[in-house]
Amino acid sequence: MVVSLHRENSLVKFFRWVYAGVDRTIFMGLKFTFPARFVSPLGFLGMLTFVIFIILGITGALLMLWYEPILDRAWNSVSNINDTIPYGFHIRNIHYHASNAMVMVAILHMYYQYFSGRYKIRNEILWVTGIILGVLTILEAFTGYDIIFSERAELAISIAASLTNSIPILGPQMRDAFFGSGFHDFVLRFYAFHVFLLPIALLGLMVVHFPRFLVFDVPMVMAVAGAIMLTGGVFPVDMGLKFDPSVPPGITVPEWYLTGLYAFLRTQFDKFVTGVAWPGLFIFALLVIPFVDKYKKFSWKDRPIITAVGITSLAQIIVTTYWGFYINPDRTKSLLERLVIDPIFFYLVMLLLVPLSFGFTYMMIKLAKNAEANAKLQPKKAGGKTAINLPKKWIYVLFVVLLAFQVYLNISAYYAVLNGMKNYSLFIVGIIMLVFAGMFHIYRHGAAMAKAPPPKQTTFPPPTKPVPAAPRPAPSIPKPTNEPLPAPPIQKASGTQVAPQASKTTTTIPPSTSVLSGSETDNTKSVLAEKSTTEVAKK
């Protein structure tokens with residue numbers, strides 16, 4: 001019997017027990033992949049969106065401890081979190097910038113899937129649920145900054161209520177359900193939407209939307225978290241002005257992901273058409289894209305019409321977003337004149353933008369295809385992209401330098417917190433996360449190099465000596481023989497007596513006679529036969 005001397009400690013046993021307990025749950029049905037080398041984040045932007053959603057859930061739960069969803073206390077409670085509660089400034093800035101990052105990463109994820117044609121590989125359900133998730137993400141961010149009840153929030157609430165009321169037939173009932181009978185009802189209802197109803201819907205759709213195999217890249221996750229904190233330190237979110245019904249509102253604009261819609265509303269055209277119909281048509285077009293895209297290939301170059309439509313939509317979003325931020329700087333004009341956009345000029349530009357962006361994109365795709373076809377006809381040049389492989393010594397040096405820098409940053413963040421430098425401390429914490437991501441990536445790169453097999457050494461064969469040609473065989477010459485030729489048989493004649501043998505005569509063939517022609521050989525044989533007969537007769 002073999003006795004094992006290896007004993008597991010209590011911590012390892014606990015983790016094994018937890019793993020065995022969740023092994024049969026739905027969570028273990030997901031397969032997480034931890035890349036052993038750098039992988040482009042474009043392929044797992046959906047996973048990064050989910051990570052940001054987790055950050056929002058943690059920071060939001062902490063903010064709920066001090067937020068008061070009451071009309072006359074909402075703004076004051078947020079101000080107390082921002083200025084008085086320990087680390088409240090950091091938590092609120094991380095939460096705010098993470099909400100913007102989630103919207104941005106979700107939009108990038110959608111357009112990457114669009115241009116790469118990923119929805120064509122039997123992923124229509126994933127695409128449809130992804131579009132719905134994007135809409136709910138924007139609504140989640142919208143309800144979040146509305147419950148502060150500042151002047152900016154009041155503008156967004158008024159616009160949303162008027163748009164909901166403009167919907168035919170069901171508009172007034174929907175307005176009463178979402179906004180209540182006034183501002184007092186609205187704060188509590190939006191708070192319920194923000195912290196409970198919308199997150200539950202997001203989590204339910206994520207279960208359907210996520211594929212089985214998820215890429216969890218630790219350095220990239222740390223880099224995204226660090227970028228959020230760094231942005232919060234450089235651009236700290238302000239409180240804005242508390243809404244006061246007795247004070248005329250100033251000029252303000254909504255968040256960047258709603259300024260495009262705000263630009264349409266500022267034309268003072270029909271609210272339902274500009275604020276409900278156009279966005280609804282855009283969402284519907286995105287939903288049906290997988291079912292109208294009949295191209296067999298996936299590359300954006302091989303789907304020129306679909307690619308041109310996507311570029312045109314991006315151009316429309318960029319132009320309208322900029323127009324929503326633009327405010328006429330002439331302060332001599334009234335507030336209404338500075339906010340209103342000329343509808344004729346606005347819609348004329350939007351109409352001209354469609355054929356220009358579509359035609360230009362289609363032409364550039366055709367030129368790119370022709371250039372690619374011509375490049376295939378050209379001989380390939382030697383060389384190409386090579387990976388950056390640092391020597392082992394330099395990997396150690398770089399890792400130690402980053403570690404020392406990490407220690408310095410931690411000391412700086414500690415003293416910044418002690419001195420009340422809130423945004424500076426948050427900025428340093430963001431850099432700490434980025435440096436940690438770099439250290440993890442370098443460690444992973446070094447571990448992959450250590451596990452990689454050694455490169456094969458190319459051995460050149462030794463120079464070979466020329467082999468001499470084999471000599472041609474000489475013609476074979478028969479050796480001369482000293483043996484006498486056999487005598488012909490003796491014939492006894494009648495009346496004659498054979499005399500006794502007197503002597504023996506030996507006849508040899510000289511060497512020169514062996515290389516004679518056929519006729520000369522026959523003559524020689526006949527002469528020798530006659531001589532032998534004569535000698536026998538004499539005997």
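# Reading a predicted chain, feature by feature

Guide: Of the 539 residues in this chain, 32% count as buried. Keep in mind that what you're looking at is a predicted model.

Visitor: How do I read contacts for the chain as a whole? Among those between residues at least 6 apart in sequence, what share joins residues at least 24 apart?

Guide: That share is 80%.

Visitor: Is T129 buried or exposed?

Guide: T129 counts as buried because its relative accessibility is 8%, and the cut-off for buried is under 20%. Skip its neighbours within four places in sequence, and T129 is in contact with L205, V208 and H209.

Visitor: Can we try another residue? Which helix does I317 lie in?

Guide: Look in helix α12, which covers residues 304-325. I317 comes out as partly exposed, with 35% relative accessibility. Again leaving aside neighbours within four places in sequence, I317 is in contact with Y111 and F282.

Visitor: What separates the C-alpha atoms of I317 and L261?

Guide: Those C-alpha atoms are 9.3 Å from each other, while the two residues are 56 residues apart along the chain.

Visitor: On to charges. How do I spot a salt bridge?

Guide: Look for a side-chain nitrogen of Lys or Arg within 4 Å of a carboxyl oxygen of Asp or Glu. This structure holds 8 salt bridges. One of them joins the side chains of R444 and D217, at 2.6 Å from N to O.

Visitor: Why does the pair of R444 and D217 tie together parts that are apart in sequence?

Guide: Because R444 lies in helix α16 (residues 422-451), while D217 is in the loop between β2 (213-215) and α9 (218-234), so the parts they tie together are 227 residues apart in sequence.

Visitor: Are R444 and D217 buried or exposed?

Guide: Both are buried. Now compare that with E372 and K301, a salt bridge whose closest N and O atoms are 3.7 Å apart. This pair also links distant parts of the chain: E372 sits in helix α14 (residues 343-377) and K301 in the loop between α11 (271-292) and α12, 71 residues apart. E372 is partly exposed at 30% relative accessible area, and K301 is partly exposed at 26%.

Visitor: Which side chain does K369 meet in a salt bridge?

Guide: K369 meets D302, with 2.6 Å from N to O. Here K369 is in helix α14 and D302 in the loop between α11 and α12, so you have another link between distant parts of the chain, 67 residues apart. K369 counts as partly exposed at 29% relative accessibility, and D302 is partly exposed too, at 23%.

Visitor: Which residues are linked in a network of salt bridges?

Guide: K120, D293 and R303 are.

Visitor: What about rings? How many aromatic pairs does the structure hold?

Guide: It holds 25. One case is Y414 with Y415: their centres are 5.5 Å apart and the planes are at 75°. The pair counts as edge-to-face because the angle is over 60 degrees.

Visitor: How exposed are Y414 and Y415?

Guide: Y414 is exposed, with 51% relative accessible area, whereas Y415 is partly exposed at 48%. The cut-off for exposed is over 50%.

Visitor: Which residues do ring pairs link into a cluster?

Guide: The cluster is made of F142, Y145, F149, F179, F186, F190 and F243. While you're at Y145, notice R152: its charged end sits over the Y145 ring, 5.7 Å from the ring's centre.

Visitor: Last one, the surface. Which residues make a nonpolar surface patch?

Guide: L11, F14, F15, W17 and V18 make one of about 570 Å². L11 is part of helix α1, residues 10-22, and with 52% relative accessibility it counts as exposed.

How values were computed. Residues numbered from 1 in each chain as written. Predicted model: local features only at pLDDT ≥ 70, side-chain atom pairs only at ≥ 80, totals over all residues. Heavy atoms only, no water. Patch = residues over 30% accessible without salt bridge, like charges linked within 9 Å, V, L, I, M, F, W, Y side chains within 5 Å. Areas by Shrake-Rupley, 256 points an atom, 1.4 Å probe, with all protein chains shown as cover. Helix = DSSP H or I, 4+ residues; strand = E, 2+ residues; numbered from the N terminus. Buried < 20%, exposed > 50% of the residue type's maximum accessible area, 1.4 Å probe, protein only. Phe/Tyr/Trp six-rings, centres within 6.5 Å; stacked < 30°, edge-to-face > 60°. Lys NZ or Arg CZ within 6 Å of the ring centre and 35° of its normal. Contact = heavy atoms within 4.5 Å.
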